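Thank you for coming, everyone. I would like to walk through one structure with you, slowly, so please look at the picture as I speak.

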Amino acid sequence: CKTFSKKVCKMELLPYVHDGVYNATILSEGESAELYKTFYSGQQYRLAICGAKELPPIHFQVLDADKNVLYDNAKNKYSSVWDFSLQASQQLMISIQVETSDEISDEIPSGCVSVLIGFLNEENKLSH
């Protein structure tokens with residue numbers, strides 16, 4: 001799963017710089033996971049969520065400490081990336097759900113789901 005994250009998902013961060021942390025797990029259709037991460041004000045971030053191609057769409061939401069939804073990719077055709085910056089440093093929750101497919105099959109699809117975070121450093125900002 002870590003190899004999948006490095007080879008496939010990391011590309012979605014460009015031109016952002018990966019923070020060096022690989023958050024990845026195997027999820028099956030209908031399963032969900034949560035990740036808590038601190039983000040700092042004044043920094044441009046890119047959040048990239050990607051899953052193995054055999055999985056149905058991956059729905060993710062970013063919520064603040066009060067459970068307010070800051071971003072919902074279902075409102076953006078299940079986009080796999082979100083670029084953002086915050087007014088104040090805070091811990092956010094990234095909620096991931098592998099959607100259920102309408103297809104009937106004997107096997108429930110499962111595969112790697114990766115959450116990567118990148119940031120723009122000063123050099124990237126200049127060339128951006």
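Strand 3 and strand 8, the latter covering residues 90–98, pair in the antiparallel sense over 8 bridges, where strands are DSSP runs of E with at least two residues, numbered from the N terminus, and two strands pair if DSSP finds at least two bridges between them. Within this pairing, Ala33 stands opposite Ile96 in strand 8. In general, strands of a sheet pair through backbone hydrogen bonds, either parallel or antiparallel.

Before I go further, please keep in mind that this is a predicted model, in which local features need pLDDT of at least 70 and side-chain atom pairs count only at pLDDT 80 or more, while totals for chains, interfaces and linings use all residues. Residues are numbered from 1 along each chain as its sequence is written, and side-chain values use heavy atoms, with hydrogens and water left out.

The two strands belong to an open sheet of 4 strands with the order 3-8-5-6 and antiparallel pairing. Its edge strands, each pairing on one side only, are strand 3 (32–39) and strand 6 (69–72).

Now to the charged side chains: how many salt bridges are there? The count comes to 2, if we ask for a side-chain nitrogen of Lys or Arg within 4 Å of a carboxyl oxygen of Asp or Glu.

One of them joins the side chains of Lys37 and Asp19, at 3.1 Å from N to O. Because Lys37 lies in strand 3 and Asp19 in the loop between strand 1 and strand 2 (23–28), this pair ties together parts that are 18 residues apart in sequence. Lys37, at 23% relative accessibility, counts as partly exposed, a class between buried, which is under 20% relative accessible area, and exposed, which is over 50% (1.4 Å probe, protein chains only).

In another salt bridge, Arg46 meets Asp83, with the closest N and O atoms 2.6 Å apart. This pair links distant parts of the chain, since Arg46 is in strand 4 (residues 45–51) and Asp83 is in strand 7 (residues 81–84), 37 residues apart. Arg46 counts as buried because its relative accessibility is 12%, whereas Asp83, at 35%, counts as partly exposed.

Finally, let us turn to His18, which is in strand 1 (residues 17–18) and, at 13% relative accessibility, counts as buried. Leaving aside neighbours within four places in sequence, His18 is in contact (heavy atoms within 4.5 Å) with Lys10, Leu13, Leu116, Ile117, Gly118 and Phe119.
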